[in-house]
Structure formats: C-alpha cells, structure tokens
Amino acid sequence: MIHGIINVYKEKGYTSHDVVAKLRGIAGQKKIGHTGTLDPDAEGVLPVCLGKATKVCELLTDKDKTYRAVLFLGQTTDTQDASGTVLETSDISNLNEAQVTEAVQSFVGEYAQIPPMYSALKVGGKKLYELAREGKTVERKARNVMIHSIKILCVDLPRVEMEVSCSKGTYIRTLCHDIGEKLGVGGCMESLLRVQVGRFVLADSLRLSEIQKAKEDGNLEKILQPIDSVFEQYRAVQIHPDQEKRLQNGNSFRKPDRSQNYDDQEMVRVYDSNGHFAAVYRYVEKDHEFRIVKMFLQP
C-alpha cells in the first residue's frame, strides 16, 4: 500500500467519487479518500489521500479554499448554476459595472448563507438533492460562512468573472444566486474552477491521465506528497529513543530538548528517532508535556 496525497485536477463530468474510483484502479488499493466534494460540472484542485494519509482528509476539508467563478446575471435556475432549469430571466440593461462591483464586494466578510436544495447536505437522513429530484423543497437553516476576499477579474455583462477566497462549507453557486438577488435581476453560476485548497494549488495539480501515465512509468510514488507536508506550518519535534515506546502507543511525552520553548496548545509534527513522521501532538504548558492529536503510525 502506498501512502501520501495526490493533488488531482478534477475534470468536468467526473464526480469526486468517480475520481476516487479511478484512482483505486490506478493505485491498486482501496484505502483512498477525497477531501471535499466538487460538483460534476466544476473543475480544479481535489487533493486525494491514499493509505495512512486518509487520516488527514477531514483536516483538508476544513481548509480555506479559493475559486474562480463566472456569474451570469439576469437568470435564475433551480440548481443555482447553468446546468439547471431556468426559472426566471430579467432585463439587465440598467445595470452598470459600478453597481455590480458594489454588490459583489458587499458579500466580503461573514454572511448567513442558505444551502441550495441541490446539495449533498442531509435533512431527516436524506440528501437535499434527492429531495429536490423528487420535486420537494424543504426549509434549510442559514449557515454562517466567511468570504475572505472577492477579486473581480472581468465584467462583461451579463457575465462577471471573479476569484473568491472563502471558508469551508461555502457554496459559490449560492453566492452567485445571492449577488443576483441583491442586484434585483437574479443570477446563477456559469462555471467554477477551484484553484486552491490549503497549500494545494492549481499549477501543481495532475489530471487522471497524467497520474495513469506516472503509474505506467513506475513513477506513481514520485508524484505523492508526503503526509507531513500538510503540517509544514508546525514545528518539528524528534523523539528520543528512550521515549519511542510512548510515541508508538500514542502516550504523552516530555520535551525532548529542554532548551526549546513552546506556547501552550502549540501543535507540532512529531518524528520517531529514525526521522520518520509519526504524529501530530499539542503542547500542554501546565503539565509540561505533549499530548496526541492525530497518529499516523501503522497500528
């Protein structure tokens, strides 16, 4: 079994689950997981975790993300994107670039977003998109999301191309819909490209055909990013051989180097005495010890 993360470029037409299924065939192993759903029509960065790296899936899902989207004004659809059924069209001839810019920028910061019916969120044990396909609409609670920034790349009405940096759980389709509502003409998302998830960027992503070629050339492990790369923002701590057993059992341990100072609750990358990445720990100042957060050693 191989362990690590592949920065996949998800192409149009594939679901995130399709990508995982394809990679299982390429890698010849079942233990693979993705780090956040992208709609079939969306493209871009989808980090996929293999082997022990599946333990970081949830951590990557929590990361901030950046998208490049095209908002189409003057049209609303049932899915909030261009693939849906058109519900209403509006005249946008009175709109100008200044009005559009003002409306777009008003969404920067925290705002309460109502998840779309066509989403994988569950209500009463059933996914919203399943209910939507049955012609049902149910009440959804608004959730606070954070829009860190919106950079308008081009305004060519009815289209507005923009780059959005946001928190996890943000629906760009819904953002486009809400901007259209604010302008009084409606709007939907015409296209979506995810350009960044945490430290994973578009320029480094690989299409499935490229990953297949790497496998055929015997280079699959060369394109894997190591698990500890996800935690490069944390300081590294290497365990002493006499505390190796404590690490292997996920027990707490004292500072290996007493000259080093750590902040209370500081997270660190922990390596065994041979320099192999083992776990993420947190320093607890009152007890002068590190405590386990996530273990990556084989059980």
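Is phenylalanine 231 buried or exposed? In this predicted model, phenylalanine 231 has a relative accessible area of 4%. Because the limit for a buried residue is under 20%, phenylalanine 231 counts as buried.

The chain that holds this residue has 299 residues, and buried residues make up 47% of them. Its secondary structure comprises 7 helices and 18 strands. The C-alpha trace extends over about 75 × 50 × 40 Å along its principal axes. Among contacts with a separation of 6 or more, 66% are between residues 24 or more positions apart.

Aromatic rings were examined next. A pair of aromatic rings is described by the distance of the centres and the angle of the planes. The count comes to 11 aromatic pairs. In one of them, phenylalanine 231 is paired with tyrosine 234: the ring centres are 6.0 Å apart and the planes lie at 20°, so the pair is stacked. The reasoning rests on the cut-off for stacking, which is planes under 30 degrees apart. Phenylalanine 231 and tyrosine 234 also belong to a cluster linked by ring pairs, together with Tyr271, Phe277 and Phe296.

Aromatic rings also take part in arrangements with charged side chains. The ring of tyrosine 9 has the charged end of arginine 207 over it, at 4.2 Å from the ring centre. For phenylalanine 200, the charged end over the ring is that of arginine 199, and the distance to the ring centre is 5.4 Å.

Glycine 275 and lysine 127 are 148 residues apart along the chain, and their C-alpha atoms are separated by 44 Å.

By residue class, the lining of the second largest pocket consists of 5 nonpolar, 7 polar and 3 charged residues.

How values were computed. Residues are numbered from 1 along each chain as its sequence is written. This is a predicted model: local features need pLDDT of at least 70, side-chain atom pairs count only at pLDDT 80 or more; totals for chains, interfaces and linings use all residues. Side-chain values use heavy atoms; hydrogens and water are left out. Rings of Phe, Tyr and Trp (its six-membered ring) pair if their centres lie within 6.5 Å; planes under 30 degrees apart count as stacked, over 60 as edge-to-face and the rest as tilted. Buried means under 20% relative accessible area, exposed over 50%, partly exposed in between (1.4 Å probe, protein chains only). A charge sits over a ring if NZ of Lys or CZ of Arg is within 6 Å of the ring centre and within 35 degrees of the ring normal. Ala, Val, Leu, Ile, Met, Phe, Trp, Tyr, Cys and Pro count as nonpolar, Asp, Glu, Lys and Arg as charged, and the others, Gly among them, as polar. Helices (H or I, at least four residues) and strands (E, at least two) are DSSP runs, numbered from the N terminus. Contact means heavy atoms within 4.5 Å.
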